Amino acid sequence: MKSSVIVFPGSNCDRDVAVALEKLQFKNSMIWHKETELPKSDLIVVPGGFSYGDYLRSGAIAAKSNILSEVISAGKKGSLILGICNGFQILIECGLLQGALLRNSGLKFISKDIFVKVQSNKNKFFNKYKTGEILKLNIAHNEGNYFTDKKHLEELENNELIPLKYSDQKGNINLKTNPNGSINNIAGIFNKNKNILGMMPHPERMADKVLSGEDGLGLFLSLMN
Amino acid sequence: MKFAVTVTLKKDVLDPQGKVVGQTLKNMGIKNLNQVRQGKFFEIDMNEEDSAKAEAQVKEMCEKLLANQIIEDFKIKKAE
């Protein structure tokens, strides 16, 4: 499997993702945002961080960079794209995913371990997990409060396009287990064809037992399936 | 030719920063305050004589980059 990780000025989770991918024998390339061509990849990762210092809106400037037009056309052709945290914000700003990520309802930057419940494993990204499985992952963001209109929300809910929702350790999904005010406790969404995933939690930070845990590893294993 | 652009969150989108600023102003004793909405301000200087053309370009800038129209509204004003 070949993967490409896009790197912007201010990306800071790019190497963590690369380490996780290489651990699983992905042949990974790091792609600088000024590049105009993307090598042939089975998976494109838009990593977390603070691209362009979050100027204007998180992800807004990165969404207009050279390489993004390549990412957009690859995504439209069906390539697998994973956007994590700031990467999720970028995928939204460039229009590959619908909706918006607003400032956290509590107005604070949140960096902590949280629990998410897998809502559906019938896709390329979560097929190694069980539906209903509870994962401990890490979040670190200021704008993770997902918002979309009623019609799109219904479309997401009715077509298994929400793979992850914030929960507690027992799997309860409610206001108390919602860290950032995200509508319906959404932690990640797919596009219609389920080849593009955006998620706020960081699976790459939970890809090694020695460091912090392995709950995120299944996502990368699923992609190899 | 200068333009003043303001970008604010749409009415039905929660503006937590504006809310906190409004609450603080109320706490400071301003009792007749209804609400505060916080936004962004851009001063755009265009090297263009044709004001209609320049304004159309600024509008395009707003639509393509300055505002996220899913959650934000923008207003353009020609500055003297």
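Reply: Just after helix α3(A), A:G95 takes a positive phi of about 90 degrees. This is a predicted model, in which local features need a pLDDT of at least 70, side-chain atom pairs count only at pLDDT 80 or more, and totals for chains, interfaces and linings use all residues. Residues are numbered from 1 along each chain as its sequence is written, while chains are lettered from A and ligands numbered from 1 in the order in which they are written.

Helix α3 of chain A covers residues 86-93, and eight of its eight residues are buried. Helices (H or I, at least four residues) and strands (E, at least two) are DSSP runs, numbered from the N terminus. A residue is buried if 20 or more other C-beta atoms lie within 10 Å of its own, exposed if 12 or fewer, and partly exposed in between, with C-beta atoms placed from the backbone. The buried residues of α3(A) are A:N86, A:G87, A:F88, A:Q89, A:I90, A:L91, A:I92 and A:E93.

What lies over this helix? The cover includes four strands of chain A: β3 (43-46), β4 (80-84), β5 (100-102) and β11 (196-199). A:F88, within the helix, is in contact with A:G83, A:L101, A:G198, A:M199 and A:M200, leaving aside its neighbours within four places in sequence. Contact here requires C-beta atoms, placed from the backbone, within 7 Å.

A:F88 and A:L91 also belong to the largest nonpolar core, which has 70 residues; together with A:I6, A:I81 and A:V116 they touch the most other members. A nonpolar core is a set of buried Ala, Val, Leu, Ile, Met, Phe, Trp, Tyr and Cys residues joined through C-beta atoms within 7 Å. A second, separate core of seven residues includes B:V5, B:C62, B:L66 and B:F74.

The approach to the helix is also worth a look. A:C85 sits in the loop between β4 and α3 of chain A and has a phi near 60 degrees, a positive value in a residue other than glycine. A:C85 is buried, with 30 other C-beta atoms within 10 Å. A:D54 likewise has a positive phi, near 60 degrees, and is not glycine. Its place is the loop between β3 and α2 (66-77) of chain A, where A:D54 counts as partly exposed because 18 C-beta neighbours lie inside 10 Å. Most residues other than glycine have a negative phi.

Elsewhere in chain A, strand β7 (residues 134-141) has a covered face, A:L135, A:L137, A:I139 and A:H141, and an uncovered one, A:I134, A:K136, A:N138 and A:A140. In a regular strand the side chains alternate between the two faces of the sheet. Eight bridges join strand β6 (residues 110-118) of chain A to β7(A), and the two run antiparallel; strands pair if DSSP finds at least two bridges between them. A:K112 stands opposite A:I139 in β7(A).

B:L66 lies in helix α2 (residues 51-66) of chain B and is buried, with 22 other C-beta atoms within 10 Å. Not counting residues up to four places away in sequence, B:L66 touches B:V5, B:V7, B:F42, B:M61 and B:F74. B:F74 is in strand β3 (residues 72-79) of chain B and is buried as well, with 20 other C-beta atoms within 10 Å. The C-alpha atoms of B:F74 and B:T8 are separated by 6.4 Å, though the two are 66 residues apart along the chain. Buried residues make up 14% of the 80 residues in chain B.

Between the chains, 10 residues of chain A are in contact with eight residues of chain B. The chain A side divides into five nonpolar, two polar and three charged residues. Here Ala, Val, Leu, Ile, Met, Phe, Trp, Tyr, Cys and Pro count as nonpolar, Asp, Glu, Lys and Arg as charged, and the others, Gly among them, as polar. The predictor gives the complex an ipTM of 0.79 and a pTM of 0.92.

Methods:
Contact = placed C-beta atoms within 7 Å.
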